[in-house]
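This report is written for a reader who meets the structure here for the first time. Please look at the sequence and the model before reading on.

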Amino acid sequence: MIPRYSRPEMVAIWSPQTKFRIWYEIEAHACDAMADLGVIPRENAEAVWKAKDVEFDVARIDEIEAVTKHDVIAFLTHLAEHVGSEEARFVHQGMTSSDVLDTCFNVQLVRAADILIEDTKHLLAALKRRALEHKDTIRIGRSHGIHAEPTTMGLTFARFYAEMDRNLNRLEKARYEVATGAISGAVGTFANIDPAVEEHVCKQLGLEIEPISTQVIPRDRHAAFFAALGVVASSIENVATEIRHMQRTEVLEAAEFFSMGQKGSSAMPHKKNPVLTENLTGLARLVRMTVVPAMENVALWHERDISHSSVERNIGPDATITLDFALARLTSVIDKLIVYPDNMMANMNKFPGLVMSQRVLLALTQAGVNREDAYRLV
């Protein structure tokens, strides 16, 4: 995602340095477990940890990969340059590349989910505050875009709060479902590696063990994860659309905060446009765009293929970085939203008494008029 729509903490999760650091930790913890089992010498496992403070050279790894055409092998070769070829000869013992790649990807998704969960909590706090602030601020409700019956601005904020609270639950469930790791070797049979290694590595990384892996972690987990992000994005657009309507000149019941020095149009100096919520509408489309590819990744050939790999290299960073930015932006919009109660009342009274038609209808039926006649009279 471009820097314009990115925040540093989320971007850092997807940096090459972070990825290689996680790869290193997976390999080092696996060596510890294999040493405990007596599969490799303890001194070799300890030698791997001597690289714990190394800043891996991304350019050097890329240089090696240009020859090997294999990213994990390139990393392992670079690791051996720091640890020593003899000391590193048991690294990756009995493992396959997907053990490293999939476990790392899920660590990154879990870390991203933690940020998104906190973002959502901040948004909920803003919505709750505004709901309580405007619980008695009367505005006209609309259905099909047409005046319906009176409601309150507080209830508008409250329904968005309830929706985002459901989204918080979705994100927590998505985090739980994707928080698994697999260190099971080629085609997932543990033929050349003890399951105890998987147990140890996952525990150290804060993951659950993938109950049944092939050579990859099943992608239905990831499909559910990205689907949850897509729903959150749609809810963001739901709120943004309401604010965009309220800011229309002929409505003007609320508006985005317009700072000193801010300009709305290069041609028309008077313009104050709902640019933030329009931007959120567009960002929501980008997040939802990742959902279908994630679902298409579920159907892999046999025990594995890598048709999912190129997709995930893109949608992992793009979806999480964009949604993180969008949640933070919406929180700021809600916090600073300017509400115009007098305009709300004026809009409701634009056709005096007309919006009370149901009350009159019910009163007539209670007084003995049949419904058809009462409806016609009203």
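## A network of charged residues

Which residues are linked in a network of salt bridges? In this model, which is predicted, the network links Arg 139, Arg 142, Arg 159, Glu 242 and Glu 253. One of its pairs is formed by Glu 253 and Arg 142, whose closest N and O atoms are 3.0 Å apart. This pair links distant parts of the chain, since Glu 253 lies in the loop between helix H9 (220-246) and strand E5 (254-255), whereas Arg 142 lies in strand E1, 111 residues apart.

Strand E1 (residues 138-143) runs antiparallel to strand E2 (residues 146-152), and five bridges join the two. Within this pairing, Arg 142 has His 147 in E2 as its bridge partner. The two strands form a hairpin with two residues between them, and in the turn His 144 has a positive phi of about 60°.

## Other salt bridges

The count of salt bridges comes to 23, and two further examples can be described alongside the pair above. Arg 42 and Asp 36 meet through their side chains at 2.3 Å, N to O; Arg 42 is partly exposed at 32% relative accessibility, whereas Asp 36, with a relative accessible area of 57%, is exposed.

In the other example, Arg 89 forms a salt bridge with Glu 86, and the closest N and O atoms are 2.6 Å apart. Here Arg 89 counts as partly exposed at 49% relative accessibility, and Glu 86 is likewise partly exposed, at 48%.

In soluble globular proteins, nonpolar side chains tend to be buried together. The largest nonpolar core of this model has 96 residues, and those with the most contacts inside it are Ile 26, Phe 75, Phe 226, Leu 229, Ile 236, Leu 323 and Ile 334. Helix H6 (residues 97-133) gives the largest share of this core, with 16 residues.

Leaving aside residues up to four places away in sequence, Ile 236 touches Met 164, Leu 280, Leu 323, Ala 326, Leu 327 and Leu 330.

Ile 2 lies in the segment before helix H1 (8-13), and with a relative accessible area of 46% Ile 2 is partly exposed.

Technical notes
Residues numbered from 1 in each chain as written. Predicted model: local features only at pLDDT ≥ 70, side-chain atom pairs only at ≥ 80, totals over all residues. Heavy atoms only, no water. Helix = DSSP H or I, 4+ residues; strand = E, 2+ residues; numbered from the N terminus. Buried < 20%, exposed > 50% of the residue type's maximum accessible area, 1.4 Å probe, protein only. Pairing = 2+ DSSP bridges. Core = buried A, V, L, I, M, F, W, Y, C linked by side-chain atoms within 4.5 Å. Contact = heavy atoms within 4.5 Å. Salt bridge = Lys/Arg side-chain N within 4 Å of Asp/Glu carboxyl O.
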